Amino acid sequence: MATKKKAAQPAAKKTAPKAAKSAVKKSAVKKTASSKKVKYVYTWGAGKADGNGGMKALLGGKGANLAEMTRIGLPVPPGFTISTEVCTYFYDNSRTYPVSLQAEMEAGVKNMEKIMGAKFGDAKGMPLLVAVRSGARDSMPGMMDTILNLGLNDETVLSLAAATKNERFAWDCYRRFIQMYGDVVLGVQKAEGEDHEPFEVVIETFKHETYHKDIIDSDLTADDQKELVKRFKALVKERTGKGFPTNPWDQLRGAAGAVFGSWMNDRAIVYRRKYNIPAAWGTAVNVQAMVYGNTGETSGSGVAFTRDPANGKNEFWGEYLINAQGEDVVAGVRTPENVSTLKAALPKPYAELMKVRTILEKHFTDVQDIEFTVQEGKLFMLQTRNGKRTAAASLKFSMDMVKEKLIDWETAILRNPAEQLEQLLAPIFDLADVAKAKTLATGLPAGPGAASGKIYLNAERAVLAEARGEKVLLVRTETSPEDLRGMIAAEGILTSKGGVSSHAALVARQMGKVCVCGAGGVEIDYDKKTVTAAGKVFKEGDFMSIDGTSGKVFGGELKTAPSEIISGIVSGDKAAMATEKFKGFQQLMKWCEQATRMSVRTNADTPEQTRIALAFGAKGIGLTRTEHMFFEGDRIDAMREMILATTLEARKAALSKLLPYQREDFTGIFTVLKGLPATIRLLDPPLHEFLPHSKEQQNDLAKKLGVKVETIIQRVSDLHEFNPMLGHRGCRLGIAYPEITEMQARAIFEAAADVAKKKIKVKPEVMIPLVGFKKEFDLQAEIVHRVAKEVMSEKKVKFEYQVGTMIEVPRGALTADQIAENAEFFSFGTNDLTQTALGISRDDMGAFLLPYVENDVFAKNPFATLDTTGVGQLIETAVAKGRQTRPDIKLGICGEHGGDPDSVVFCHNVGLAYVSCSPYRVPVARLAAAQAAILEKRAAAAAKKK
Ligand code: PEP
Ligand code: MG
């Protein structure tokens with residue numbers, strides 16, 4: 001079979017001779033230039049390893065940790081990792097390999113053969129079979145491909161059967177291998193119009209023909225497996241026109257190529273985009289000696305977490321299947337057993353597993369997600385990685401591990417991903433509604449939270465429904481990684497089969513999606529597009545609800561209630577405040593306070609919003625949009641009157657009606673703030689936003705103001721602008737109508753004076769919007785300073801205040817040194833700064849955002865996550881120039897980016913004093929700011945060490 005001659009052939013030559021030639025040349029050049037041979041293969045086994053856990057960039061997470069587990073003496077089957085550099089080479093060189101790879105792989109196989117006492121492709125004695133798995137730097141569960149039992153053919157299957165004296169097992173392995181290899185490497189997959197995987201169809205047909213009923217795979221006999229192998233091979237021939245490859249080295253090269261190829265498959269691309277994993281990282285390939293969980297009743301395979309990744313409890317958590325290989329557990333085809341029952345089923349390996357659990361947590365100081373196999377009573381570890389977890393679990397793990405002295409409090413902060421924190425604030429079902437609802441089925445609670453939505457039975461339709469604005473629940477028999485897009489679109493995911501550790505459940509949890517798995521009582525009919533539970537039939541588009549904390553499935557739409565954290569913080573609910581989740585959250589925020597350099601303010605327009613934000617730890621207001629104060633009740637009428645006025649007197653009369661409203665609001669806000677700063681922005685939006693545009697509104701306003709409707713129509717038409725976002729807005733309003741600025745300044749300062757008189761400290765910061773020229777600022781600031789003086793003398797009270805500006809147009813950033821001569825602070829208005837720097841309307845991105853993200857023009861929506869490369873330069877310039885003129889200038893940000901974790905990190909790094917965001921995002925920003933400070937401190941310490 002695997003003749004020496006063939007095995008020695010470089011893979012590159014076999015795959016693509018022409019491209020290989022140039023690849024060879026390139027690598028030869030590389031060699032002479034560095035005069036050092038590049039190492040592509042890293043072996044491990046029998047307590048020794050070339051690599052270690054710190055080499056994730058080169059070996060991928062899986063490879064690095066297999067090496068690390070080997071080094072610390074855990075029972076790991078031997079193997080080798082083909083480094084991520086080979087993946088880079090593969091894509092840079094028309095999918096060919098470096099010339100020296102083959103020889104390094106051969107050495108790797110020899111090492112395995114020596115340790116295992118078996119030979120790759122041995123048709124006489126025990127053959128060495130291998131597993132081929134992907135392994136990126138960051139784990140991407142289920143996104144890429146795996147091939148098990150590689151090395152089997154018509155001859156080695158016989159030697160395997162003879163050596164193990166287990167014919168059924170040998171043929172089971174062979175059948176599995178053809179199926180996996182056929183699917184992954186040879187592309188024998190569901191064709192268009194087919195509902196089921198072709199290999200599965202062959203199995204199902206065989207089972208029904210032979211047994212006339214559903215039987216589980218482990219009940220298939222040796223003869224059944226032989227027959228299936230025959231049928232599988234025929235299927236491969238029919239679909240590919242070629243026979244199944246018999247040479248183990250051909251098989252190995254093909255498998256490695258498929259794993260590298262899977263780095264660019266659709267689901268891997270979608271996953272990378274979601275989690276910001278650069279395509280340039282590439283994946284490694286791990287080739288590992290097979291150990292077998294499918295040899296009989298004393299064998300099995302499992303996946304487990306050292307603690308519960310859904311709720312964070314310090315309980316060993318996972319699943320296994322007796323007489324099965326690892327893929328059976330994660331694929332969700334058979335519903336696995338809870339790992340707690342393994343103690344009774346296989347006591348010795350279970351005890352060993354418990355020891356491994358402790359060793360791993362101590363060594364990695366984090367919760368591990370492990371894969372193991374028991375072969376005839378002996379435990380083997382196949383993988384360990386930091387476990388994906390819900391936000392609730394992250395919080396509990398981090399709190400518990402500090403108590404257990406496994407980590408310090410700063411590490412605890414880093415263990416809570418800022419972008420996941422919002423999950424903790426997500427709603428739960430209204431308890432009264434749940435009490436009334438009938439539970440139609442119960443599955444496994446795989447992703448906590450409450451979700452109601454219209455059901456859709458495939459990912460594509462779920463995505464379309466979400467795009468139409470519907471709340472979606474994705475319902476599948478078992479989810480596969482192909483469903484990723486649908487899962488992203490859905491509020492929650494419900495499956496009728498599969499366990500909590502299926503790949504889909506892992507991904508759902510990480511995304512913070514509510515998930516119920518393996519709800520056996522739910523019947524799904526893909527053809528009829530119906531879901532039946534407890535006799536009730538639901539059609540696509542009907543509402544269902546799932547509780548990912550209890551695993552319960554309900555019909556219809558249930559009301560949701562706020563999370564304990566919201567109830568505790570916002571409403572002061574005592575029961576909520578007594579929960580462990582609430583206490584953990586508060587502790588985390590306390591530590592953030594200790595770690596952070598940058599403070600977090602809020603964007604708030606009302607006393608109530610301010611109160612909530614302060615309860616979340618905001619240190620003042622970073623932006624009050626004064627125009628929002630005119631939306632309420634009949635304030636809009638006075639505002640419209642002001643806008644429609646054609647004479648100064650008429651405008652002043654209308655403004656005098658607005659003044660008391662504004663003063664009252666500011667008084668409320670200053671009172672809540674108790675001396676914390678409030679940045680209040682003068683009127684900013686294009687005036688037409690306030691105008692009545694419909695006939696009905698125009699008639700109504702004409703009546704209220706006692707003018708002819710024609711007058712209003714004419715004025716609306718006069719005020720029309722072709723591009724209002726770049727038109728008469730921001731400080732341009734106050735410059736054209738200084739009386740508006742005067743009124744607003746008066747309202748602010750009169751309120752400040754009134755509150756100061758009550759012995760409550762006030763700190764108003766008046767902010768001039770959309771400044772691009774120093775003169776614009778100066779004109780407005782002059783009015784503000786004059787009014788401040790007047791009010792202080794009229795009210796006979798003194799208070800501190802500042803006047804500053806927003807930096808939100810590129811000219812403002814570029815001339816920040818001039819503007820800072822009189823401006824006491826800058827706040828970056830990154831919504832407008834992004835709009836004007838990119839030349840993209842902040843309100844009109846719908847038509848091209850998706851193609852821009854899909855084609856990697858944008859890594860992320862630049863209105864959500866700061867474009868640090870472009871807009872970031874403007875900010876850096878303004879910071880430097882502002883400080884040049886006024887070294888102590890106060891700098892902050894109040895655009896939407898102030899609540900986005902990545903953008904917060906950028907703000908920390910450029911040295912802003914604060915970020916400002918909406919009240920409910922304050923905790924997220926606090927966490928991100930604290931993390932940025934800790935990482936900076938650690939990087940500085942590491943640099944000092946060097
Ligand atoms: C901004 O432009 O970033 C900003 C905060 O102002 P607004 O969103 O009100 O234009
Ligand atoms: Mg703006």
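This is a predicted model: local features need pLDDT of at least 70, side-chain atom pairs count only at pLDDT 80 or more; totals for chains, interfaces and linings use all residues.
**Entry 1**

I began at Ala 534, which sits in the loop between β22 (530–533) and β23 (536–539). Ala 534 has a positive phi of about 50 degrees, although it is not a glycine. I noted this since most residues other than glycine have a negative phi.

**Entry 1: Lys 674**

Next I looked up Lys 674, where phi is near 45 degrees, again a positive value in a residue other than glycine. I found Lys 674 in the loop between α28 (648–673) and β29 (678–681). Its relative accessible area is 65%, and because the cut-off for exposed is over 50%, I count Lys 674 as exposed.

I then turned to strand β24, residues 543–547.

Strand β17 (residues 450–456) pairs with β24 in the antiparallel sense, over five bridges. To find this pairing in the 3D view, I used Lys 454, which stands opposite Phe 543 in β24.

Strand β25 (residues 552–555) also pairs with β24 in the antiparallel sense, here over four bridges. My landmark for this pairing was Met 544, which stands opposite Gly 555 in β25. β24 and β25 form a hairpin with four residues between the strands. In that hairpin I noted Gly 551, which takes a positive phi near 85 degrees.

**Entry 2: around ligand 1**

Which residues come nearest to ligand 1? Of the 14 residues around ligand 1, I listed Arg 625, Arg 681, Gly 829, Asn 831 and Arg 842 as those that come nearest.

I checked some of the contacts one by one. Arg 625 has a polar side-chain atom 2.7 Å from an oxygen atom of ligand 1. For Arg 681, an N or O atom of the side chain is 2.8 Å from an oxygen atom of the ligand. Thr 830 uses its backbone instead: a backbone N or O atom lies 3.0 Å from an oxygen atom of ligand 1. On its own, ligand 1 has 290 Å² of accessible area, and the protein covers 96% of it.

I also asked where the shell comes from. The elements that give two or more residues to it are β28 (621–625) and α36 (830–838). The largest share, three residues, comes from α36. By kind, I sorted the shell into three nonpolar, four polar and seven charged residues.

**Entry 3: a site from the record**

Last, I opened the UniProt record, an unreviewed entry, where the annotation "binding site" covers Glu 808 and Asp 832. These two are spread over 25 residues of sequence, yet they cluster in space, with a largest C-alpha distance of 5.3 Å.

Glu 808 lies in the loop between β31 (802–807) and α34 (810–814). With a relative accessible area of 1%, Glu 808 is buried, because buried means under 20%.

Technical notes: Residues are numbered from 1 along each chain as its sequence is written. Chains are lettered from A and ligands numbered from 1 in the order in which they are written. Side-chain values use heavy atoms; hydrogens and water are left out. A residue is near a molecule or strand if one of its heavy atoms lies within 4 Å of it. A polar contact is a pair of N or O atoms within 3.5 Å; within protein, one must be able to donate a hydrogen and the other to accept it, and residues adjacent in sequence count only if both atoms are side-chain atoms. Accessible areas come from the Shrake-Rupley method with a 1.4 Å probe; for residues, only the protein chains shown count as cover. Ala, Val, Leu, Ile, Met, Phe, Trp, Tyr, Cys and Pro count as nonpolar, Asp, Glu, Lys and Arg as charged, and the others, Gly among them, as polar. Buried means under 20% relative accessible area, exposed over 50%, partly exposed in between (1.4 Å probe, protein chains only). Two strands pair if DSSP finds at least two bridges between them. UniProt positions are given in the numbering used here, feature names are shortened, and annotations may be inferred rather than shown by experiment.
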